[in-house]
Amino acid sequence: MSGGMLSEYCAKLGLSDKVSARADEIFSSCLWRNSWNTAGIIAASIYVAAILGRESRTQKQVAEACRVTQATVSHHFRKIQREESDEK
């Protein structure tokens, strides 16, 4: 269900299939965190994947496409960053 939404949002933002696949990987790695907002995880995953894929979109663009607030994208982006740095 969420994977379909993720692909739909990536298409809405004009992102490549490669970025969409990367966003899905990031999203999947965050799924076990039940306390996280699913819509926020999707949005932040897209934001991170777009940056990594050199197809950057602003937090505002991602938030609008995913129908969440910019603060939600920012909040979950920081959570993902912390998780990544903790794994290193």
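Axes here are lines fitted to C-alpha atoms, for helices over the stretch in contact, with angles from 0 to 180 degrees between N-to-C directions. I am working on a predicted model, where local features need pLDDT of at least 70, side-chain atom pairs count only at pLDDT 80 or more, and totals for chains, interfaces and linings use all residues. Residues are numbered from 1 along each chain as its sequence is written, and side-chain values use heavy atoms, with hydrogens and water left out.

**Entry 1: H2 and H3.** Helices are DSSP runs (H or I, at least four residues), numbered from the N terminus. I found that the axes of H2 and H3 come within 8 Å and cross at roughly 135 degrees. For contact I used heavy atoms within 4.5 Å. On the H2 side I listed Val19, Arg22, Ala23, Ile26, Phe27 and Cys30; their partners in H3 include Ile41, Ile42, Ile46 and Ala49.

Entry 2: Beyond its neighbours within four places in sequence, Val62 is in contact with Leu13, Ala43, Ile46, Tyr47, Arg57 and Val73.

**Entry 3: Gln59.** Is glutamine 59 buried or exposed? I read 15% relative accessibility, so glutamine 59 counts as buried (under 20% relative accessible area, 1.4 Å probe, protein chains only; exposed is over 50%). Glutamine 59 sits in helix H4. Neighbours within four places aside, its contacts are Tyr47, Gln70, Val73, Ser74 and Phe77.

Terms used. Helices (H or I, at least four residues) and strands (E, at least two) are DSSP runs, numbered from the N terminus.
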